[in-house]
Amino acid sequence: MSHQFALAALLSALLAPALAASDPLRAGFGAAPLPAPLGGPLAGYGGLRDRRAAGVLDPPEARALLIERGGLRLALVALDLVIIRPSLHDAVREAAGDLALDGLLIAATHTHSGPGGHVPGWLAERVTAGSFDPDRPTALRDASVAALRRAHDDLDRAALGAASGGLDLAANRSDRDGRRETSLPVLRIDRPDGGPVAVVFAYGCHPVTLGPDNHLYSADLLGPARAHLDASIAPALFLAGPLGDQNPDLAPETLWPDDEMAMRAQQRAAGERLAAAVAAVHAEIEPHAEATLGFAERWAEAPPIRLRRFGLTWWFAPFTRPALRGLLSQRARFQAFHLGDARLVAFPAEISASLGDAARALADAPVTLAVSHANDWLGYAVDAHAYGRGGYEPALSFFGPGFGDWLLEQMDATLAGLER
């Protein structure tokens, strides 16, 4: 994205409150299937083996919400992928240029059973996305644009409301006594007659109920959750919350049982718990047609790579450091959305639950959606205490112990642009 566009987007955000006083709020929802070919790579569980798809359990999708008021048009797009790269964001924006989007968020749901093959490079192939398929980026772009165009065709007058509830589905996978993510922010978007447009929700829990032995495409626990909400409430759009150190807590059962049907039963049970919690919050929300919109975006130069001593990537630094320089972006995009009573803060990394708490404090709003895997993936981000303790997430936190604080500083500056 050019500096000129970033400036234009910021100016639009600053002018939006005044313009929105007279123009109606409008919103639309759209979805499109992601490519799910037999034998295609599945993304999500790193290692030397190359998982290949043997079929589809629930179809992976691109889902989009378009919302506008006062000359400001914003789009949220969620894809059933493990990570997003900036090249996909840029390709979608260019292909959908005629939609005149002022703000575009493209986020990965972070399912570990979605289509892979969209990120080149041996490190990306091994750690995240599976063997690279040169046709996959174009297919993902086309699916994203198709979802956006369907949302555009669905645009009509709307009302927006937000509330935050609780859900005890996740547990800290690195520290038994560590922070558990319970916040469940929900946006409700309705037609003036009460008919549904969409329900948007964020939660911090890894979609990993289907383990490494699964060979079927799936949005994981989000598949049954969205299916239930689609049928009973409204078309559902999920955004990954602060899930960096959070896994499904299925006690007294064990994650990834040997029996395949038992594993799928866990997926359904976790998805139904998530859907029921979203539905309960949704029922308490009263949407308002006068909801104000706003948007701010800024760029920051990424810190220098600094691998944690004695971590996996540190031991193999002569090989991993050059590969990381090719994988990790040198500039990072930060976004903040004003959506009625809610604020959405979008991080280009996989943030931990404690950083999610800090992000919500920064936003200082009745409802805050702290979103991971937004527009990019710069690795894991934890607080300095967790970094010092060590473990899996710090080993894949590539910018040293201050990376979490740096992310929060950049988001604070982004929010300042939104609120001026």
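The second largest cavity holds about 50 Å³ of space. A cavity here is a set of points on a 1 Å grid over the protein atoms alone where a 1.4 Å probe fits but cannot get out. Its volume is the space filled by probe spheres set on the points, which are joined across faces, edges and corners. The count comes to two cavities of 30 Å³ or more.

This is a predicted model: local features need pLDDT of at least 70, side-chain atom pairs 80 or more, while totals for chains, interfaces and linings use all residues. Numbering runs from 1 along each chain as its sequence is written, and side-chain values use heavy atoms, without hydrogens and water.

Select S174, D245, V382, A386, R389, G390, E393 and P394. They line the second largest cavity, each with an atom within 4 Å of a point. Now colour α10 (384–389) and α11 (392–395): these elements give two or more residues to that lining. Helices are DSSP runs (H or I, at least four residues), numbered from the N terminus. The lining divides into three nonpolar, two polar and three charged residues.

Move to helices α2 (residues 86–95) and α4 (residues 136–153). Their axes, lines fitted to C-alpha atoms over the stretch in contact, lie 9 Å apart. The packing angle is about 50°, on a scale from 0 to 180 degrees between N-to-C directions.

Show the side chains next. From α2, pick L88, A91, V92 and A95; they meet P137, L140, R141, S144, V145, L148 and R149 in α4, with heavy atoms within 4.5 Å. This contact divides into eight nonpolar, one polar and two charged residues.

Notes: On a 1 Å grid over the protein atoms alone, a cavity is a set of points where a 1.4 Å probe fits but cannot get out, and a pocket is an open set with protein on both sides within 12 Å along at least five of seven lines; lining residues have an atom within 4 Å of a point. Ala, Val, Leu, Ile, Met, Phe, Trp, Tyr, Cys and Pro count as nonpolar, Asp, Glu, Lys and Arg as charged, and the others, Gly among them, as polar.
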